[in-house]
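Subject: Structure handover

Hello,

The structure is below, with notes on what turned up in it. Please read them with the model open.

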Amino acid sequence: MKQMIIEGNHILTGDILIGGAKNSAVALIPASILANGISTITNVPNISDRDALIDILEILNCKINLNNDELKIDTSSLKNALIDEEHSKKLRASYYFMGALLGKEKYVEMYIPGGCNIGARPIDIHLDGFKALGAQVITENNKYILKADKLIGTDIYLRFQSVGATVNLMLASVLAEGTTIIHNAAKEAEIINIADYLISMGAQITGAGTETITISGVKKLHGGHIQVLPDRIEAGTYIILGALIGQNLKIKNIIPKHLEALTSKLKDMGSNIKINKDNILISRVANLKPTNIKTLVYPGFPTDIGQPMSVLLTQANGTSLFEETIWENRMGHVPSLNKMGANIKVKGLTSMIIGPSQLKGCEVTATDLRGGAALVLAGLTASGTTTINDVEHILRGYENIEEKLTQVGAKIKIKEI
Ligand code: EPZ
């Protein structure tokens, strides 16, 4: 088990360089299966989810070459194989092998995907879409078998704008016969990045980033090339950190447009924030105003930044309301924040955060990725020493977090216990 020790209350200043987006990279890596030949992905974040997906590509006999942030995937010796329970369960995004293998091989055998414990996380919308394309879905205990003689393009309406289902159905349909139209598709920036990768392989896709995506099936795809877009959630987490304890903290290599829901809230709260072309400069201010936040699908306030944002709300002067609408269980960090001195009352999917609270370091445990990131922000703001257990959750999605924060003046260490 890994533990993070933070000595808090040091002003953070300097530059934090944002890496490639986790939620894009975790789809781009499996998507490579669809190409015949060698594909290249650059700006790949150095996170444990990347390694878990590379392990699965190796089970499928792909040749991998990872050189810093550049990943080359050679599928010329691809052999379809069972993705065992241990590998399927390591992360949520293992489910992208469903769409990619179904599209390429018309056969997939894998177990229920894992991931953060933030809700029930059903995949019924993905499976219904695969069935609409002509696949048969067999479930045996925890195992899925998906198979088809051929996949035929069709109109698919998603009953929720699911990111995962939108991506999985793009993956499954690029090699299908005829045209697939995904209605009520998710519009996240990551979807455009993934569509661009498939287009670089020769796929025919229009409308990614809107509610209607049209995919005209092609017979074959060649090797592709893509740069992973900047991680708006990593960026958002560090921007909030700047509002908590930064002095001219510069968050670099970002696309400010992807962060507008967050930055407009920060402006409403009275933060000292300057938005430039590809970076944001932020410093803490004494009198933050409280606010109300409701998470929504893109371009609304991102659920993945909600937990870090709740730490900032503990420092505002007054009562804020925070409502989560995507996941049923995104309040796992609240008992730890309250142990550190916050005043947060949870009722169902809403929390009432009464600020300002003086946070004090103590021993806490990360229960999930973004909840863990929230505890890091709280620890860096608090007086005294904070010890965070189960840091593995955080390392799934924040690359080189210890180095990035140390560089701007944080006193932070990760140790194996
Ligand atoms: C992606 O999850 C992200 N994960 C999540 O990031 C993110 O919170 C989420 O999108 C929303 O933005 C990855 O990209 C790997 P959804 P995903 O399908 O695709 C329900 C993080 O912290 N639903 O858009 O799994 C579902 O239960 C992670 O980085 C169904 O009911 O999310 C949820 O309530 C966590 N049936 C809602 O839709 C389905 O078949 C949104 O899920 C699929 C989803």
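Start at the ligand. One of its oxygen atoms is 2.9 Å from an N or O atom in the side chain of Arg330. For Asp124, a polar side-chain atom lies 2.7 Å from a nitrogen atom of the ligand. In total 22 residues surround the ligand, counted as near if one of their heavy atoms lies within 4 Å of it. The closest are Ile125, Ser162, Asp304, Ile326 and Arg370.

A word on provenance. This is a predicted model: local features need pLDDT of at least 70, side-chain atom pairs count only at pLDDT 80 or more, and totals for chains, interfaces and linings use all residues. Residues are numbered from 1 along each chain as its sequence is written, and side-chain values use heavy atoms, with hydrogens and water left out.

Next, the sheet. Four strands form an open, mixed sheet in the order β17-β18-β20-β19. Strands are DSSP E runs of at least two residues, and helices are H or I runs of at least four, numbered from the N terminus. Two strands pair if DSSP finds at least two bridges between them. β17 (292-294) and β19 (344-347) stand at the edges with a single partner strand each, so one side of each has no neighbour in the sheet. In the sheet, β18 (residues 318-323) and β20 (residues 350-355) run antiparallel, joined by 6 bridges. Leu321 has Met352 in β20 as its bridge partner.

Now helix α7 (residues 189-200). Its 12 residues should span 16 Å at 1.5 Å a residue, and the end C-alpha atoms are 17 Å apart, which agrees. The expected span is 1.5 Å times one less than the number of residues. Its buried residues include Ile191, Ile194 and Leu198. Buried means under 20% relative accessible area, exposed over 50%, partly exposed in between (1.4 Å probe, protein chains only). Just after α7, Gly202 has a positive phi of about 110 degrees.

Last, Gln3. It sits in strand β1 (residues 2-7). At 10% relative accessibility, Gln3 counts as buried. Its side chain makes a polar contact with that of Asn389, at 2.7 Å.

Best wishes

How values were computed. A polar contact is a pair of N or O atoms within 3.5 Å; within protein, one must be able to donate a hydrogen and the other to accept it, and residues adjacent in sequence count only if both atoms are side-chain atoms.
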